[in-house]
Amino acid sequence: MDAILNYEFMQNALIAGILVSIACGIIGSLTIINKMTFIAGGVAHGAYGGIGLAFFVGFAPLLGASIFAVALGLLIAFISMENKERVDSIIGALWAFGMAFGIILVDLTPGYNVDLMSYLFGSILAVPKSDLYFMAILDVIFILFVLLFYRQICAVSFDSEFAKLRGVKTSVFYYAITALMALCVVATIRVVGLILVIALLTIPPFVAEKFSSNLGVMMILSSVTSAFFTVVGLWLSFTYNLTSGASIILVATLFFFLTQIIYKIKSV
């Protein structure tokens, strides 16, 4: 590992992995508890529309993806609150629209030669320092949000009807969690790509939930677990010349199946 850290791009990759792990640990736990995994999937794939728009208009892809993902997330949150019957179909349509919109805009961009695969499957080994600052700022926002509103978040997440009766503005927190989830998705795309982002957002919290007594412990365990997946995946990627995003997710999924087997054996 010491030899690996002699390279600056590996140092940046490791820092990016840890920062994203903290974000996924916090926001992923909220996603799992609030049953918002499909919404996260819709936002992740729909964010591609923002990347295409950024290339077409000529500004930073990360900024385009952030704005588009937050707007899409808030739209999905609004629809899911107004129309609970067919919300999965609407999310599926928005999911496809974002992808198609992004691809068409990329096709129309003159002189376009950027590697699309880096956004589909991640490019953690090429993360610039500007992206690290973006991830660090997001982590601070996520941590402050949880510290300031922990009781309200727990109330909304575990019993929204009771929380509403106690005067908690549940719709405001629902929109806030969705917007923060969209930003977390954008940051995670740089690490594992939009196709695999849901895995890093949901597997660590799912594993951590089985060993947690409350939401705060779940967030911490989830962040640590996610960081473990990222470090081991990076080591495998560097050592055996494998795709970094896929290596990280492969470690996460293998660990997921292993814990499920152990949990089943213990419960028998």
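Where is Asp139 found? Asp139 sits in helix α7, residues 129-158; helices here are DSSP runs of H or I with at least four residues, numbered from the N terminus.

A quick word on the model: it is predicted, with local features needing pLDDT of at least 70 and side-chain atom pairs counting only at pLDDT 80 or more, while totals for chains, interfaces and linings use all residues. Residues are numbered from 1 along each chain as its sequence is written, and side-chain values use heavy atoms, with hydrogens and water left out.

Here are two residues side by side. Buried means under 20% relative accessible area, exposed over 50%, and partly exposed in between (1.4 Å probe, protein chains only).

| Residue | Relative accessibility | Class |
|---|---|---|
| Asp139 | 4% | buried |
| Thr37 | 30% | partly exposed |

Setting aside neighbours within four places in sequence, Asp139 is in contact (heavy atoms within 4.5 Å) with Leu19, Ile22 and Ala23. Thr37 belongs to helix α2, residues 37-46. With the neighbours within four places left out, Thr37 is in contact with Thr31, Ile32, Ile198 and Thr202. Thr37 and Leu201 are 164 residues apart in sequence, yet 8.5 Å apart C-alpha to C-alpha.

Now for the core. A nonpolar core is a set of buried Ala, Val, Leu, Ile, Met, Phe, Trp, Tyr and Cys residues joined through side-chain atoms within 4.5 Å. The largest one has 82 residues, and Met135 and Phe142 have the most contacts inside it. Helix α9 (residues 170-192) gives this core its largest share, 14 residues. Of the 23 residues in α9, 19 are buried. Gly193 follows α9, with a positive phi near 85 degrees.

Technical notes: Helix = DSSP H or I, 4+ residues; strand = E, 2+ residues; numbered from the N terminus.
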